Amino acid sequence: MSTAANTAATGAPLLELRDIGKDFGSVIALDGISTTVRAGQVTCVLGDNGAGKSTLIKVLSGVHRPTRGELLLDGAPVRFSAPREALDAGIATVYQDLAMIPLMAIWRNFFLGSEPTTGWGPFRRFDSATAKDVTRRELAAMGIDVRDVDQPVGTLSGGERQSVAIARAVHFGARVLILDEPTSALGVKQAGVVLRYIAQARDQGLGVVFITHNPHHAHPVGDRFLLLNRGRSLGDFAKGEVSREELTTMMAGGDELTQLAEELGREPRS
Amino acid sequence: MSTAANTAATGAPLLELRDIGKDFGSVIALDGISTTVRAGQVTCVLGDNGAGKSTLIKVLSGVHRPTRGELLLDGAPVRFSAPREALDAGIATVYQDLAMIPLMAIWRNFFLGSEPTTGWGPFRRFDSATAKDVTRRELAAMGIDVRDVDQPVGTLSGGERQSVAIARAVHFGARVLILDEPTSALGVKQAGVVLRYIAQARDQGLGVVFITHNPHHAHPVGDRFLLLNRGRSLGDFAKGEVSREELTTMMAGGDELTQLAEELGREPRS
Amino acid sequence: MGRPARADERVAAVGLWRRLLVKPELGSLIGAVVILAFFSAQSQVFRSLSGIANWLDVASTLGIMAVAVALLMIGGHFDLSAGVLTGTTALTVGIVAVRFGQNIWVAIAVAGVLALAIGALNGWLVTRTGLPSFIITLATFLMLQGLNLGLTKLFTGTVQVRGIAEAPGYHSAELVLASTFSVFGQQFRIAVVWWLLATAVATYVLLRTRFGNWVFATGGDEVASRNVGVPAARTTITLFMTTAAAAWLVGSITAVRLTSVQANTGTGQELIYIVAAVIGGCLLTGGFGSAIGAALGALVFGMTQQGIVYLRWDADWFYFFLGAMLLLAVLSNRAVRRYAEAARR
Amino acid sequence: MGRPARADERVAAVGLWRRLLVKPELGSLIGAVVILAFFSAQSQVFRSLSGIANWLDVASTLGIMAVAVALLMIGGHFDLSAGVLTGTTALTVGIVAVRFGQNIWVAIAVAGVLALAIGALNGWLVTRTGLPSFIITLATFLMLQGLNLGLTKLFTGTVQVRGIAEAPGYHSAELVLASTFSVFGQQFRIAVVWWLLATAVATYVLLRTRFGNWVFATGGDEVASRNVGVPAARTTITLFMTTAAAAWLVGSITAVRLTSVQANTGTGQELIYIVAAVIGGCLLTGGFGSAIGAALGALVFGMTQQGIVYLRWDADWFYFFLGAMLLLAVLSNRAVRRYAEAARR
Amino acid sequence: GESETTAAAPSGGGGGAADGDLQFAVVTHGSAGDAFWDVVQKGALKAGDDLGVGVDYQSDGDPQRQSQLIEAAVNEDVDGIVVSMANPDALEDSLAAARTAGIPVVTINSGADRSVEFGAIGHVGQDETIAGQGAGQRLAAEGRKNVLCVVHEAGNIGLEQRCDGASQGLGTDVRLLQVDINDLQGAQSTITSQLQADPSIDAVLTLNSAVAPIAASAASDAGSTAEIATFDLNGDVIAAIQAGTVSFAVDQQQYEQGYLPIVMLKLYAENLNTVGGGRAVLTGPGIVDAENVDTIADLASAGTR
Ligand SMILES: Nc1ncnc2c1ncn2[C@@H]1O[C@H](COP(=O)(O)OP(=O)(O)OP(=O)(O)O)[C@@H](O)[C@H]1O
Ligand SMILES: Nc1ncnc2c1ncn2[C@@H]1O[C@H](COP(=O)(O)OP(=O)(O)OP(=O)(O)O)[C@@H](O)[C@H]1O
Ligand SMILES: [Mg+2]
Ligand SMILES: [Mg+2]
């Protein structure tokens with residue numbers, strides 16, 4: 001394990017995982033995972049498909065309760081029994097499946113679970129004007145120009161939908177921001193915006209957990225790299241310890257990929 | 001429009017689009033799109049989120065009927081009224097939402113709609129032994145090692161699920177293979193495998209339509225690049241006409257991205 | 001790019017009329033108008049004020065329940081016990097008032113507590129066990145049906161409770177729940193007011209409050225909404241209690257109005273509530289629908305039921321006509337939506 | 001990596017017993033065993049051969065319908081007209097055989113054609129209009145209910161068709177549909193054989209044929225399955241016709257066995273079929289379930305209904321006990337599944 | 001269009017009636033397809049035909065619905081209403097509205113004791129309880145002690161009254177059994193199991209003509225020797241009485257409960273005649289058994305007895 005890249009970390013980490021494990025019936029999805037999420041740092045979780053990355057972040061965000069091990073928030077052990085509790089602790093998450101309600105309007109999805117209200121007593125109502133306004137602004141800031149925030153999310157394109165989920169998490173993330181493959185369906189420009197968001201959040205002192213398969217995305221922003229393989233940890237590296245090429249090789253599970261480009265480029269015709 | 005990169009193209013293209021347009025009620029998702037898909041070529045469709053890429057491939061695969069324009073198969077006009085007809089014409093598709101049934105086993109999903117049978121007359125039954133076998137083999141070839149092909153697809157990780165959809169399309173694709181962001185959720189290694197598949201299919205004389213946001217994926221395999229923006233075509237380029245950098249700039253909608261890496265890398269602490 | 005573009009080149013111009021037609025409520029409004037036109041054209045009594053009062057009366061109690069059931073369905077659940085629960089509350093009002101000689105308001109309060117408890121139990125069982133609400137509420141339906149009969153016979157020795165009109169406080173209760181009011185010289189039942197009130201409140205809650213947002217979300221995708229912090233279990237339990245509260249209102253109206261209650265009151269009505277909600281555009285799979293639509297669905301049902309009587313069609317064929325009218329209403333609703341779909345956003 | 005690894009380090013060892021318990025059928029088998037044990041322990045007649053023959057008889061016709069309804073539910077649809085359709089077919093058999101003096105086999109064939117036509121109509125309307133099957137089949141349910149009564153009165157002047165036993169060919173029909181066979185000296189109804197047969201065929205079709213695959217897919221996600229080339233509309237229509245065919249079988253059995261048929265035969269039974277299917281593990285949202293489970297669900301219902309009578313519990317409380325037993329069955333089913341969930345794959 | 005609330009005397013030209021013909025409405029609490037009420041309906045329609053008046057028959061078992069149907073008839077300004085009163089309190093308002101509108105009412109079947117109070121011009125038929133007593137007395141006379149009363153519709157007041165009456169006539173409580181009229185096969189099994197579980201049952205009283213033959217089969221299935229008796233007649237019951245598998249049937253002659261009120265209303269409309277002098281016109285109960293069954297066999301098969 002590395003000791004670098006915690007210059008900003010004073011005292012206890014925001015989140016700490018100790019020997020976390022998660023089973024689904026007979027399926028062992030995670031086993032013996034330990035890492036820390038510190039304020040002002042981006043922790044990248046890397047790994048092959050099915051390595052257990054999403055399962056890990058669902059443990060962090062209160063969706064799954066770990067079968068084994070301990071989760072510490074600000075140094076004190078916690079057990080989130082619902083995502084609500086994690087949210088209340090300032091942990092906002094972009095799930096890989098986005099957690100959106102297809103039939104509901106964009107602005108309703110944006111504020112779902114954290115609706116702003118206006119008025120008082122029995123006349124306290126959902127402040128829809130504000131909600132629509134904020135939604136439109138936040139999406140525009142991401143470079144997403146939706147036709148109408150009243151449009152049901154189900155009719156959005158894959159990338160538009162993902163952008164809404166990210167904008168929501170960024171808007172509500174208070175202390176920890178967790179992003180599960182946030183850029184997978186995004187265009188080059190939108191992906192750039194998301195990377196900038198991550199850097200911004202980090203600079204504001206949030207702890208960020210970032211999952212991606214793209215080494216070109218992971219390397220520039222990551223401070224620590226947690227490597228998973230088949231549910232187990234292969235190690236936890238600081239940025240200084242790895243180059244982008246090493247990272248790519250590690251993300252590919254150690255296989256050699258350098259020849260791929262040539263191989264693909266080979267002229268098939270003639 | 002370009003005239004290059006059709007060395008292998010003898011006679012009529014496999015698929016030709018003439019001035020295709022698609023509306024959803026008042027939403028104009030596509031307008032005036034023309035391009036060709038030739039045997040032995042990879043046509044990349046590029047564009048921002050919400051540009052209409054998925055809508056375009058759904059027109060090709062028979063899910064949507066175009067509101068305007070004409071679709072030609074081997075030079076003859078066709079109107080697919082159901083995806084079944086496109087499939088029967090040898091067009092296999094990986095949809096962005098994957099078109100999988102979460103509650104069904106992997107092998108049942110794999111062969112859904114094209115079940116192999118054994119026995120005869122009233123005793124003709126689904127040949128499950130073959131189906132399981134083929135499924136396991138095809139997934140292993142993609143580097144996906146599922147625990148059990150009887151597992152419901154709903155419990156697979158995002159990337160595993162995508163791999164199943166790709167393996168299925170590759171297995172059944174006869175003349176045209178359409179892939180809508182097939183590598184978005186895939187690890188580096190699996191993405192490499194998919195790119196190799198695309199190259200293989202091309203070499204076998206299939207026409208391939210490939211959608212991606214990753215210029216590192218698009219550039220090595222693409223022969224033609226169709227650029228969409230807000231539902232309209234920005235042009236149709238042959239490989240020789242653009243470099244990877246130009247492609248990246250084009251995919252980002254013309255915005256300047258070079259400084260992004262630096263910006264992100266800036267040390268926030270101290 | 002990037003700024004909210006009001007005049008977006010990707011959006012074709014669409015007339016207001018078509019945009020209106022596509023709303024779920026207006027779809028069912030078309031169904032209602034078709035049925036209204038059909039019967040009005042053929043029966044002069046049907047379209048007279050007294051005829052209107054008559055079919056509005058039929059629609060009103062049905063409508064109160066349909067609105068509550070619609071909320072529950074939008075939230076992704078069924079309540080098969082809703083019908084028989086109207087009987088349970090009506091019988092409770094009767095038994096407490098007559099057998100135990102209590103003031104009728106006390107009896108109504110007792111019935112309310114009981115109804116809310118049953119609703120909470122339904123909701124708790126559904127959220128706790130994760131079993132489909134269909135099967136849980138079917139079990140409570142059967143149990144309540146048995147209880148209604150068993151307890152009524154235990155307390156009264158017969159299958160009906162009578163004499164509610166003699167209970168203390170009856171007159172004030174009658175005023176609130178079972179009186180009539182005059183419009184253009186025609187007496188309308190006060191239940192119509194309750195129905196409109198229930199529709200208005202439900203619509204407000206659905207569209208303008210946080211809770212309404214949660215209802216849509218829980219019904220649309222329970223896991224996703226829990227993941228973003230919606231208290232799905234609480235929402236579900238509240239919805240079951242809302243249905244129970246509506247059953248309590250309808251049961252109290254029945255008890256006060258009829259002054260005697262049969263043990264099998266309400267049995268079998270639960271399906272009609274669901275039908276009204278579905279005519280009104282609610283999805284059976286949850287996450288979509290409207291309270292106004294459900295109220296209009298109840299209206300379609302009420303008009304059809306009485307319209308057939310006014311046309312003096314053969315009673316043997318009553319159900320045939322009822323089915324045919326229902327089909328007519330939903331098909332015309334759908335045809336209009338198809339036409340308007342060009343305006344779908 | 002890469003090769004199918006049989007001994008995967010990511011899979012914990014799980015006993016066969018737990019793995020078996022998790023199948024939907026075995027879940028409902030537990031429910032059935034609990035109910036069986038409960039009543040057998042308390043009533044000696046219940047567990048005697050004649051008792052068994054008695055409750056198997058109740059379960060059998062219910063079971064035939066439940067199995068067909070389960071297929072339809074797995075395919076993502078409801079058929080509320082299934083119950084009254086058993087009446088329609090039974091009445092048709094009676095009217096054709098008695099009023100038109102045809103051979104009973106001819107009458108049964110006519111009823112079959114009619115039933116399949118109604119099933120196809122249901123399916124066609126559902127696939128064609130895209131309206132929920134709940135509302136479409138509710139309309140056909142009401143219409144058939146009206147037709148049954150109207151036509152019966154038209155043809156017979158009363159509300160029943162009688163004298164089927166005098167129709168030519170009755171004896172062979174009775175042999176096939178309404179005879180008994182002896183096991184250990186106890187007479188069992190032949191409907192039990194039909195029930196087992198229907199369950200076996202449905203299970204085979206579901207799990208071993210292409211069509212079965214399409215049923216699961218259509219119910220699981222209709223759009224996705226259409227996108228990969230499943231003929232979803234054809235599958236749906238076939239399923240509605242299957243339910244109609246089952247109703248035809250049950251209606252013919254009823255007509256031949258009772259030899260006189262009431263106009264309201266079967267009304268209200270549709271819910272019980274759905275209940276049996278749900279007890280058997282079918283999801284109301286489609287895409288999941290089993291035919292064996294539905295057959296076991298019918299068994300649970302049949303045993304409960306008769307068991308209560310054998311225990312001589314107060315008839316007034318019959319429905320209360322029925323509901324409580326139902327809850328007991330599904331809760332014990334669920335408890336077992338929770339325990340076995342460790343084996344979930 | 002609106003009901004004319006002033007018309008105190010009967011007038012031939014009500015809003016719903018065409019060209020001066022009389023138009024009457026019959027509103028009962030029977031459910032659609034019920035065998036008993038079907039005969040009432042036939043009687044009423046036949047009377048309409050015979051007398052040349054219009055008769056519209058409607059029914060609903062739910063008292064609130066029944067009152068709404070009465071209100072619909074009042075709105076149509078018919079010339080007379082025939083009402084069955086299983087639940088008189090619930091109909092009080094609607095019948096008051098009829099009286100205010102000057103529409104004469106005849107009550108039938110149950111509710112004889114409240115008929116005058118509600119201003120009806122007459123009552124035809126009698127309480128189900130009295131019919132039940134007749135059956136109970138007959139069973140008692142035959143020495144039956146342990147009687148099973150088969151209720152085919154849970155909570156139906158008329159059926160409960162029949163069973164209550166039977167208890168009174170018998171002098172001891174009958175045992176109730178619930179079955180579903182729409183599932184006669186299931187009903188047969190249920191009766192069988194009850195007879196298996198309690199061999200001491202020596203008589204089965206069914207409340208619907210369709211259930212009687214079922215009960216007879218159930219008795220033979222269970223090997224029980226219990227006597228089968230029933231309310232109401234149909235062809236099957238006649239055949240069963242002839243064959244001896246059913247011992248007797250209580251016949252309320254409900255055809256008259258449909259027919260007579262129309263006659264009474266017509267007489268009242270044309271001549272202000274009333275029948276019964278403020279007392280109920282009794283239509284039964286009659287007992288049909290092996291001795292008199294042959295004389296009415298054909299009539300019952302035609303559905304008028
Ligand atoms: N509910 C579940 N039941 C059974 N197995 C599950 C469940 N959820 C996840 N798994 C299994 O656990 C493993 C890890 O899944 P997870 O989604 O965490 O992978 P991942 O690292 O996020 O992969 P990807 O990069 O493809 O998204 C997978 O093999 C998956 O099949
Ligand atoms: N059924 C529909 N109803 C209304 N609008 C739709 C519908 N389907 C797609 N759209 C709109 O059409 C536009 C194009 O969508 P499409 O899915 O083709 O984009 P895309 O290019 O695939 O984007 P991405 O890269 O994000 O997947 C989007 O703005 C979307 O909101
Ligand atoms: Mg993942
Ligand atoms: Mg797309």
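The following questions and answers concern a predicted model.

Reader: How many helices and strands are there in chain A, and what share of its residues is buried?

Author: The secondary structure of chain A consists of nine helices and twelve strands. Among contacts between residues at least 6 apart in sequence, 66% join residues at least 24 apart. Of the 270 residues in chain A, the buried ones make up 58%.

Reader: What is the accessible surface of chain A, and how much of it belongs to carbon and sulfur atoms?

Author: The accessible surface of chain A comes to about 9,800 Å². The part that belongs to carbon and sulfur atoms is 49%.

Reader: Which protein donors does the magnesium ion (ligand 3) have, and where in chain A do they lie?

Author: The donors of the magnesium ion (ligand 3) are Ser54(A) (OG) and Gln96(A) (OE1), at 1.9 to 2.0 Å from the ion. They are 42 residues apart and link distant parts of the chain. Ser54(A) is buried at 18% relative accessibility, whereas Gln96(A) is partly exposed at 25%. Ser54(A) is in helix H1 (residues 53-60) of chain A, and Gln96(A) is in the loop between strand E6 (91-94) and helix H3 (106-110) of chain A.

Reader: In what order do the four strands of the open sheet in chain B stand, and which strands are at the edges?

Author: The order of this antiparallel sheet is E2-E1-E4-E5 (chain B). Strand E2 (27-37) and strand E5 (76-78) of chain B each have a single partner strand, so one side of each is left without a neighbour in the sheet. Neighbouring strands of this sheet are turned by 35° against each other on average, direction ignored. The strands at the edges are thus E2 and E5 of chain B.

Reader: How many bridges pair strand E1 with strand E4 of chain B, and which helix packs on the sheet?

Author: Strand E1 (residues 15-24) and strand E4 (residues 68-73) of chain B pair in the antiparallel sense, over five bridges. Within this pairing, Glu16(B) has Leu72(B) in E4(B) as its bridge partner. The helix touches E1, E2 and E4 of chain B, and its direction makes about 120° with that of E1(B); this helix is H1(B).

Reader: What do E11(B) and E12(B) form, and which residue in the turn has a positive phi?

Author: Strand E11 (residues 224-229) and strand E12 (residues 232-238) of chain B run antiparallel and are joined by six bridges. One of the pairs is Leu227(B) with its bridge partner Gly235(B) in E12(B). E11(B) and E12(B) form a hairpin with two residues between them, and the residue in the turn with a positive phi, about 50°, is Arg230(B).

Reader: How much area do chain C and chain A bury between them, and which three residues of chain C supply more than any other three?

Author: The contact takes 34 residues from chain C and 32 residues from chain A. Between them the two chains bury about 2,900 Å², with 54% of it on carbon and sulfur atoms. The three residues, which supply 22% of the area that chain C buries against chain A, are Arg210(C), Asn213(C) and Asn227(C).

Reader: How many residues of helix H9 of chain C are buried, and what covers them?

Author: Eight of the eleven residues of helix H9 (residues 210-220) of chain C are buried, among them Trp214(C) and Phe216(C). The cover includes H3 and strand E8 (125-126) of chain A, together with helices H3 (49-74), H8 (191-208), H10 (222-227) and H11 (232-258) of chain C.

Technical notes. Residues numbered from 1 in each chain as written. Chains lettered and ligands numbered in written order. Predicted model: local features only at pLDDT ≥ 70, side-chain atom pairs only at ≥ 80, totals over all residues. Heavy atoms only, no water. Buried < 20%, exposed > 50% of the residue type's maximum accessible area, 1.4 Å probe, protein only. Contact = heavy atoms within 4.5 Å. Areas by Shrake-Rupley, 256 points an atom, 1.4 Å probe, with all protein chains shown as cover. Pairing = 2+ DSSP bridges. Axes fitted to C-alpha atoms, helices over the stretch in contact; angles between N-to-C directions. Buried area = accessible area lost by both parts, 1.4 Å probe. Donors = N, O, S within 2.8 Å, 3.2 Å for Na, K, Ca; no water.
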